[in-house]
Amino acid sequence: MTSRTPLARPRPASRPQSAPPRITRLRALRLSPPGGRPALSVRWDPRAAAVCLALLLAAGVTGVWTLTTGDFRIPVPDVLRVLGGDGNPAYTYIVQELRLPRLLTALLVGAALGLSGALFQNVARNPLGSPDVIGFTVGSATGALVTILVLGAGTASVAAGSVTGCAVTGAAVYLLAWRGGAATFRLVLVGIGVSALLSSANAYLIAKASFTDAQSAQVWLTGSLNGRGWEHVGTMTAALAVLTPVALLLARPLRMLEMGEDTASALGVRVERVKAVALVVGVGLTALATAVAGPVPFVALVAPQVVRRLTRSPGPNLAPSAVLGALLLTAGDLAAQRMLAPTQLPVGVLTGVVGGCYLVYVLARQWRDGQG
């Protein structure tokens, strides 16, 4: 009898593998004295740098366009002459006293929101981990409302109340999420719950206030840049000058945290300390931005995620997120001023519409990926 050799069963066709993630090639820029050892080494991603420069150019064009528009139109060459210090008195007054402070406030507040959103989303490792979703912006608004409606303090105390409210909210969320460490999913879930609680408290404060106080508070809660002057520019400039260098120093450990907390800890990253410092810096940026412009929604949520898709690079993308936040708020304020002219809408209305649509897109995409 002849033995039959069993035929090998054909292997099922394997699923086509998705394309591997883009590997970011960082280049090093070394600055050294003549004949000496390198004194400073900075690593940078060429694509991220190109995206950042393109966003800066777009923000500059949008800013100049903002300075030309209004009830009294000013040609672009005259705007540029005013900015160069050689304009006629009428144009100089309109640009430097009425339009430029509002524009600079929009740029600085947007940069602060974009930077804080990048910090929070990298700590939470979740696209929903932005300050306006996990309650920090609402907590900042609660502190300001208590200052205005309960204590009856003036506008000078709103900043202190906003910072205090945001700091207390951030500490509460961090402590409630702590179980031997602040797990990322607990931060998001606890933050959403605290946000809902504080929103109810804000509604109660407005309902119990007088009609005049409630009306002014409601306008502020929408998020607006109307009437912003050079004092607001000074506040945001000082805040960014102090907090931005600290945030940039966190870029490397935050990039390493994306490999996992255990791996980052094995590589020498003090995980909980990095998280705590990032939350403190993000809380400070969010609180001061809210104190100046009110709780402008969704800029901190949208900017880091759009930047990640533009740069196609992992990591915090702090600088591009700040630039895109400035561009988004400046473009939103321009649209709010001119869309229904002469009626001016609060900028929070525009960012709320755009950000709400983006939030629905993010949730639908996460649900689809989870089902797939």
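Which residues in H1 meet which residues in H2? Val64, Leu67 and Thr68 in H1 meet Val76, Val79 and Leu83 in H2. Contact here means heavy atoms within 4.5 Å.

## The model

This is a predicted model: local features need pLDDT of at least 70, side-chain atom pairs count only at pLDDT 80 or more, and totals for chains, interfaces and linings use all residues. Residues are numbered from 1 along each chain as its sequence is written, and side-chain values use heavy atoms, with hydrogens and water left out.

The chain has 14 helices and 2 strands. Helices (H or I, at least four residues) and strands (E, at least two) are DSSP runs, numbered from the N terminus. Of the 372 residues, 47% count as buried. Buried means under 20% relative accessible area, exposed over 50%, and partly exposed in between (1.4 Å probe, protein chains only). Among contacts in the chain with a separation of 6 or more, 71% come from residues 24 or more positions apart.

## Helices H1 and H2

Two packed helices are described by the angle between their axes and the distance between the axes. H1 spans residues 46–68 and H2 spans residues 76–83. They pack at an angle of about 105°, with axes 9 Å apart. That makes H1 roughly perpendicular to H2. Angles under 35 degrees count as roughly parallel, over 145 as roughly antiparallel, 65 to 115 as roughly perpendicular and the rest as oblique. Axes are lines fitted to C-alpha atoms, for helices over the stretch in contact, and angles run from 0 to 180 degrees between N-to-C directions.

By class, the contact of H1 with H2 has 5 nonpolar, 1 polar and no charged residues. Ala, Val, Leu, Ile, Met, Phe, Trp, Tyr, Cys and Pro count as nonpolar, Asp, Glu, Lys and Arg as charged, and the others, Gly among them, as polar.

## Helix H7

In H7 (residues 211–222), Ala214, Ala217, Trp220 and Leu221 are buried. They cover an arc of only 125° around the axis, which puts them on the same side of H7. The arc is that of the directions from the helix axis to the C-beta atoms. The face turned away from the buried side carries the exposed residues Phe211 and Thr212. Just after H7, Gly223 takes a positive phi of about 95°.

## Leu119

Leu119 is found in helix H3 (residues 89–124). Leu119 is buried, with a relative accessible area of 0%. Beyond its neighbours within four places in sequence, Leu119 has contacts including Ala247, Leu250, Leu285 and Leu318. The C-alpha atoms of Leu119 and Leu279 are separated by 7.4 Å, yet these residues lie 160 residues apart along the chain.
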